[in-house]
Amino acid sequence: MKEKNTPCELCLSRKFSLFSGLADEHLCSLTENKNLISHKKGQILFYEGTKPLGVFCISSGIVKVFKTASNGKEQIIRLAQKGDFLGYTSLLGEEVYSSTATIVEDAKICFIPKETFLEIMSKDNTFHQRLTKSVCQSLGLMEAQLTDATQKTIRERLAFTLIKLCDSYGIEGGVDSTIDIVLTREEIAGLVGTATETVIRLLSELKKDQMIAFEGKKIKVLDRNGLARLSDFYNHS
């Protein structure tokens, strides 16, 4: 559903995004040309194999970016949240989307047309540099994920995933931290890169070891240091 555009200079999520340092003239151009759209949980933002017509900037909500394997299983690449850009690497590379994006929590997302995005990039050198740095960091992250997939056990990868979710979506409650996002066991398996049954078994083991607890559909991290030791976190961060 299309919404009334919020001027970019008033957007609270902009401080988290690559647009945070844009000059006023470019912010005005963005406001004039973008579309703010509300998306419900479960809706698809874009499909793997389709051509990008612009860039998505998340104002609120959470988006799951994933690839589908030949056996139909999802491999989740990232969970994007407010301030994150989606689709810009495919746009810059003049390629089709290499993944699919779907809404995990109701979201408001700005769509910025290709021409507007590329014009700002060509005129604002600082933005261009930040974008280039972000692309390089994304590549580094992908390399790290590939390394982890071959060198870490599934239990280690699960512990590492829980720590990263805690860092991004955690709500502190004294020594505990609740991961404030509802993910299905299938989605957690997609993040870790394993079978759903394995994740269910390992989560039960971590609960028995008093490293985590369940609060309804959410996971509470009780022993972050224990998870960090288990994931070999400090040797990979």
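**Pockets, cavities and rings**

Helix α6 gives the second largest pocket the largest share of its lining, 4 residues. This is a predicted model, in which local features need pLDDT of at least 70 and side-chain atom pairs pLDDT 80 or more, while totals for chains, interfaces and linings use all residues. Residues are numbered from 1 along each chain as its sequence is written, and side-chain values use heavy atoms, without hydrogens and water.

Start with that pocket. Its volume is about 230 Å³. The lining has 14 residues, and Lys-73, Glu-74, Glu-186, Gly-190 and Thr-194 lie nearest the centre. Two elements, β4 (74-80) and α6 (185-192), each give two or more residues to this lining. (Helices, H or I of at least four residues, and strands, E of at least two, are DSSP runs numbered from the N terminus.) By type, the pocket lining splits into 2 nonpolar, 7 polar and 5 charged residues. (Ala, Val, Leu, Ile, Met, Phe, Trp, Tyr, Cys and Pro count as nonpolar, Asp, Glu, Lys and Arg as charged, and the others, Gly among them, as polar.)

How is such space found? Rolling a probe the size of a water molecule over the atoms shows where empty space is left. On a 1 Å grid over the protein atoms alone, a cavity is a set of points where a 1.4 Å probe fits but cannot get out; a pocket is an open set with protein on both sides within 12 Å along at least five of seven lines; lining residues have an atom within 4 Å of a point. Points join across faces, edges and corners, and a volume is the space filled by probe spheres set on them.

Now turn to the cavities. The whole structure holds 2 of 30 Å³ or more. Strands β3 (54-68) and β6 (100-113) each supply at least two lining residues. The largest share, 3 residues, is from β3. This lining comprises 8 nonpolar, 4 polar and 2 charged residues.

The second largest cavity has about 50 Å³ of space. Its lining is Leu-165, Ile-179, Ile-181, Leu-183, Ile-188, Lys-217, Lys-218 and Ile-219. That makes 6 nonpolar residues, no polar ones and 2 charged ones.

Next, look at the rings. The structure has 9 aromatic pairs. (Rings of Phe, Tyr and Trp, its six-membered ring, pair if their centres lie within 6.5 Å; planes under 30 degrees apart count as stacked, over 60 as edge-to-face, the rest as tilted.) Phe-19 and Phe-117 pair edge-to-face, 6.5 Å centre to centre with 70° between the planes. Phe-19 lies in the segment before α1 (24-33) and Phe-117 in helix α3 (residues 114-123), so their pair ties together parts 98 residues apart in sequence.

Phe-46 and Tyr-97 form a stacked pair, 3.9 Å centre to centre and 15° between the planes. Phe-46 is in strand β2 (residues 44-46) and Tyr-97 in the loop between α2 (88-92) and β6, so this pair links parts 51 residues apart in sequence. Ring pairs also link Phe-19, Phe-85, Tyr-88, Phe-117 and Phe-127 into a cluster.
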